Amino acid sequence: MPKIFFITALVFTTNTPKQGWLQYTQTYESKPVCEAAIKHDYENIIAAIKAHLGKTFEHLSELRCMTHHEAVERNTALGH
C-alpha cells in the first residue's frame, strides 16, 4: 500500500494537553511533494491554522509532512 502524506503542524493551545499534531485533510503522494506545498504556501498554512484554532491557539512549533499513522503515534505519546 502506498504511503500518503499530510501537512502536519505541532501546535500549542490553551487546551489540555497543551500540544498536539494537527493534520490537514489534503493528501500528497510523496513527502517531497508535501514539503514543496509547505514551502510554497507556508504563510497561508499558518494563517489557516490560527483561524481554525481561534482563541485557543498559542503558537506553532513545527510544520512537517507525515503519514496519518505517524501523527497518531506522536499524539498518543503526548497524551491524546
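Visitor: Are Cys 34 and Cys 65 buried or exposed?

Guide: Both cysteines, Cys 34 and Cys 65, are buried. Please keep in mind that this is a predicted model. The word buried stands for a relative accessible area under 20%.

Visitor: What do Cys 34 and Cys 65 form?

Guide: The general idea is that a disulfide is a covalent bond between the sulfur atoms of two cysteines. Here Cys 34 and Cys 65 form one, with their sulfur atoms 2.1 Å apart. Cys 34 belongs to helix α1 and Cys 65 to strand β3, so the pair links distant parts of the chain, 31 residues apart. A search of the whole structure finds one disulfide.

Visitor: Why is the disulfide of Cys 34 and Cys 65 called left-handed?

Guide: Look at the torsion about the S-S bond: for Cys 34 and Cys 65 the torsion is about -95 degrees, and therefore the disulfide is left-handed.

Visitor: Now the sheet, please. In what order do the strands stand?

Guide: Read across the open sheet and you meet three strands in the order β2-β1-β3, with antiparallel pairing. β2 (19-23) and β3 (57-66) are at the edges with a single partner strand each, so one side of each has no neighbour in the sheet. From one strand to the next, the twist averages 25 degrees.

Visitor: Where does helix α1 pack?

Guide: Helix α1, residues 31-53, packs on the sheet and touches β1, β2 and β3. The direction of α1 makes about 160 degrees with that of β3.

Visitor: How many bridges join β1 to β2?

Guide: Five bridges join β1 (residues 6-13) to β2, and the two run antiparallel.

Visitor: Let us turn to charges. How many salt bridges does the structure hold?

Guide: There are two salt bridges. In one of them the side chains of Glu 58 and Lys 18 meet at 3.0 Å, N to O. This pair links distant parts of the chain: Glu 58 sits in strand β3 and Lys 18 in the loop between β1 and β2, 40 residues apart. Glu 58 has 39% relative accessibility, so Glu 58 counts as partly exposed. Lys 18 is also partly exposed, because its relative accessible area is 42%.

Visitor: Which side chain meets that of Arg 64 in a salt bridge?

Guide: That partner is Glu 62, at 2.3 Å from N to O. Arg 64 is partly exposed, with a relative accessible area of 30%, and Glu 62 is partly exposed at 27%.

Visitor: And the loops? Which residues does Thr 56 touch?

Guide: Thr 56 lies in the loop between α1 and β3. Leaving aside residues up to four places away in sequence, Thr 56 touches Phe 12, Thr 13, Thr 14 and Asn 15. Thr 56 and Phe 12 are 44 residues apart along the chain, with 8.5 Å between their C-alpha atoms. Thr 56 is partly exposed, with a relative accessible area of 23%.

Technical notes. Residues numbered from 1 in each chain as written. Predicted model: local features only at pLDDT ≥ 70, side-chain atom pairs only at ≥ 80, totals over all residues. Heavy atoms only, no water. Pairing = 2+ DSSP bridges. Helix = DSSP H or I, 4+ residues; strand = E, 2+ residues; numbered from the N terminus. Axes fitted to C-alpha atoms, helices over the stretch in contact; angles between N-to-C directions. Contact = heavy atoms within 4.5 Å. Disulfide = S-S within 2.5 Å. Buried < 20%, exposed > 50% of the residue type's maximum accessible area, 1.4 Å probe, protein only. Salt bridge = Lys/Arg side-chain N within 4 Å of Asp/Glu carboxyl O.
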